[in-house]
Amino acid sequence: MDLKLFFNPTEVDVDKDAASFQSSIYINRHKMPDHDGMDIALIGLCEYRGENEKADSSSADEVRKQLYGLKKGFGDYGIIDLGNFRNGPKLEDTYLRLKEVCGYLMEKNIIPVLFGGSHDLDLGQYYGYESADKLVSVLNIDNSMDFDDDHSPAKGHLGTMLKHSPNYLFSYYHLAYQSYLTDQKSIELMERLSFEAARLGVVKENIKEIEPIVRDADMLSFDMSALQAFYAPAASNSKVYGLTGEEACQLTWYAGQNEKMSSVGLYNYDASLDSKDRKTAFVMGTMIWYFIEGFYHRKGDKNFKSNDYLMYEVHLGGEPETIRFYKSKLSERWWMEVPNPEAEGLFNRNRMVACNYSDYDLALKGELPDRWMNFYNKV
């Protein structure tokens, strides 16, 4: 694929410091760098027709200015900034172009990290999995659930995702929704489909307990309105209550460490609404930095048959009789095995479910963990 056909170069140039993030990556300025062998591809988005056509189309470059000025983190970077994505003649064309590019990058084991644009652009991100021949688990972080098809595409993109054909959505997780901003019917729909949702208070109460949900996802879609307006004044729907900047960075760190995570999108940033010191752009840039830092701290938690795991079998005495838990010696993270009587084809990859020690402790008391039951209901 000739990627330069899909991108406009960026002119952002903020720092010549050899230790800066900018000096450690390959950037599409006047010539598209070679992307073979790269780990991560940064993609700026300038498409806002799904929600507000008057938004600042240069918003992605404001995020770059903040990200480029940070110091390089851990590891030997294999990162390319592809530039700003060229919009299609129609909004739907932009989705399809994103589908093509994201799908291509993921086939080459390059993680696309998209930033800017309206939240409905995660449809293009999701469509990129269509040719991957696998079921996908999607994590969405937002202060509300966008199932409303009667308004803008940005308010109905989740409903579009659920109804997409062919259907390759296995799990959907929603974090940090605020109950007073969310239709009760949307919450009931999540329950009927055995999808998981955690309201803002649950996430903030103990963010470490949320890590297994992040670890189970293939795709992350993050609406900046999930943050408090203090941290994200340039997210059009941000409220007084929400995640802090530190909590948002913690979640993207978890996403980076997730061996399954293959695409990331940070959406809903409009530079025209930002503070003079570009507070929201700085938070977004730092979130990207923490995702990258998490990526280069991955432990290789993939092969559950290796000696890198301790296996614990808990006898429940009912149905099921036993549950197997696995603890990584490398990362000390936990998984549980859910039996699938028809474990073949697409479903085979989903047999191991991320969990916490608290799930293991619950099983020791003779109780089934909720995450085990949710997964079993789906298969």
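## Salt bridges and a helix pair in a predicted model

Reader: Which side chain does R64 meet in a salt bridge?

Author: The side chains of R64 and D61 meet in a salt bridge, 2.8 Å from N to O. A salt bridge here is a side-chain nitrogen of Lys or Arg within 4 Å of a carboxyl oxygen of Asp or Glu. This is a predicted model, in which local features need pLDDT of at least 70, side-chain atom pairs count only at pLDDT 80 or more, and totals for chains, interfaces and linings use all residues. Residues are numbered from 1 along each chain as its sequence is written, and side-chain values use heavy atoms, with hydrogens and water left out.

Reader: Where do R64 and D61 lie?

Author: Both lie in helix 1 (residues 59-68), three residues apart, about one turn of the helix. Helices are DSSP runs of H or I with at least four residues, strands are runs of E with at least two, and both are numbered from the N terminus.

Reader: Is R64 buried or exposed?

Author: R64 counts as buried, at 1% relative accessibility. D61 is buried too, with a relative accessible area of 18%. Buried means under 20% relative accessible area, exposed over 50%, and partly exposed in between (1.4 Å probe, protein chains only).

Reader: And what does K65 pair with?

Author: K65 forms a salt bridge with E62, and their closest N and O atoms are 3.2 Å apart. These two are also three residues apart in helix 1, about one helical turn. K65 is partly exposed at 39%, whereas E62 is buried at 11%.

Reader: Which strands hold E313 and R324?

Author: E313 and R324 form a salt bridge, with the closest N and O atoms 2.9 Å apart. E313 lies in strand 11 (residues 309-315) and R324 in strand 12 (residues 322-328), so the pair ties together parts eleven residues apart in sequence. Salt bridges that share partners also join D61, R64 and D81 into one network.

Reader: How many salt bridges are there by this rule?

Author: The count comes to 18.

Reader: Changing topic: at what angle do helix 8 and helix 9 cross?

Author: The axes of helix 8 (residues 245-257) and helix 9 (residues 279-295) cross at roughly 30° and come within 7 Å. Axes are lines fitted to C-alpha atoms, for helices over the stretch in contact, and angles run from 0 to 180 degrees between N-to-C directions.
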